[in-house]
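Please look over the sequence and the model shown here before reading on.

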Amino acid sequence: MKHTLTPQRYLILLAVMLTASVGDTLLSHGMTQVGPVSVGHLGMLLVAMRNPWVVSGILCLLGFFASYLTALSWADLTFVLPSTAFGYVVVALLSKFWLHEAVSLYRWAGIVNGPSLTQHDSHHPVDEPVAAGGTR
């Protein structure tokens, strides 16, 4: 697909990034108020659905989904997803300064450097072609 980035499309990509980041942060804040949810206590999910922070997070994530679908309607996934990666920085900043989470230097390095810190072994089985029978 050809990617013609108009100001409106930049705004859609910004909306994808911000609504996902803010929505996830709101959900996290709300769930710390709700408390643990387990398979044995699924009723807590109903309690969570009444928490205003969780509801706000869900609404933001609905906005994310709408803007994400919009972006995917005019661009490839391999363009849209990486273009919104700055959202990880936004989540880390919101987590540190709003949720007061400890974000270690190691986590910051992972956020800033991303996949470049991952070592790829060229002889790893995942990189080898699969035989005709479907086995490695």
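Helices (H or I, at least four residues) and strands (E, at least two) are taken as DSSP runs and numbered from the N terminus. By this rule, Thr-4 falls in the segment that comes before α1.

## Basis of the report

The model is a predicted one, in which local features need pLDDT of at least 70 and side-chain atom pairs count only at pLDDT 80 or more, while totals for chains, interfaces and linings use all residues. Residues are numbered from 1 along each chain as its sequence is written, and side-chain values use heavy atoms, with hydrogens and water left out.

## Overall architecture

The protein has 6 helices and 0 strands. Read from the N terminus, its elements follow the order α-α-α-α-α-α.

Of the 136 residues, 22% count as buried; here buried means under 20% relative accessible area, exposed means over 50%, and partly exposed lies in between (1.4 Å probe, protein chains only). A contact means heavy atoms within 4.5 Å. Among contacts between residues at least 6 apart in sequence, 64% join residues at least 24 apart.

## Packing of α1 and α5

Two packed helices are described by the angle between their axes and the distance between the axes. Helix α1 (residues 7–34) packs with helix α5 (residues 87–97) at an angle of about 30°, and their axes are 9 Å apart. Axes are lines fitted to C-alpha atoms, for helices over the stretch in contact, and angles run from 0 to 180 degrees between N-to-C directions. The crossing of α1 and α5 is right-handed: a crossing has this hand if the near helix is turned clockwise from the far one by less than a right angle, and is left-handed if anticlockwise.

On the α1 side, Met-17, Leu-18, Ser-21, Val-22 and Thr-25 meet Gly-87, Val-90, Val-91 and Leu-94 of α5. By class, this contact of α1 with α5 holds 6 nonpolar, 3 polar and no charged residues. In this scheme Ala, Val, Leu, Ile, Met, Phe, Trp, Tyr, Cys and Pro are nonpolar, Asp, Glu, Lys and Arg are charged, and the others, Gly among them, are polar. The buried residues of α5 are Gly-87, Val-89, Val-90, Ala-92 and Ser-95, and they pack against α1 and α6 (105–113).

## The largest pocket

The largest pocket has a volume of about 230 Å³. On a 1 Å grid over the protein atoms alone, a pocket is an open set of points with protein on both sides within 12 Å along at least five of seven lines, whereas a cavity is a set of points where a 1.4 Å probe fits but cannot get out; lining residues have an atom within 4 Å of a point. Grid points are joined across faces, edges and corners, and a volume is the space filled by probe spheres set on the points.

Of the 13 residues lining this pocket, Ala-20, Leu-81, Thr-84, Gly-87 and Tyr-88 are the closest to its centre. Two or more lining residues come from each of α1, α3 (52–74) and α5, and α1 gives the most, with 5 residues. The lining has 9 nonpolar, 3 polar and 1 charged residues.

## Individual residues

Ser-67 is placed in helix α3 and is buried, with a relative accessible area of 7%. Leaving aside residues up to four places away in sequence, Ser-67 touches Ile-12, Ala-15, Val-16 and Thr-19. Gln-33, in helix α1, is partly exposed at 46% relative accessible area. With the same exclusion of residues up to four places away, Gln-33 touches Asn-51 and Trp-53.

Thr-4 is partly exposed, with a relative accessible area of 40%. The C-alpha atoms of Thr-4 and Ala-75 are separated by 8.9 Å, although these residues are 71 residues apart along the chain. His-100 lies in the loop between α5 and α6 and counts as exposed at 64% relative accessibility. Phi of His-100 is near 60°, a positive value in a residue other than glycine.
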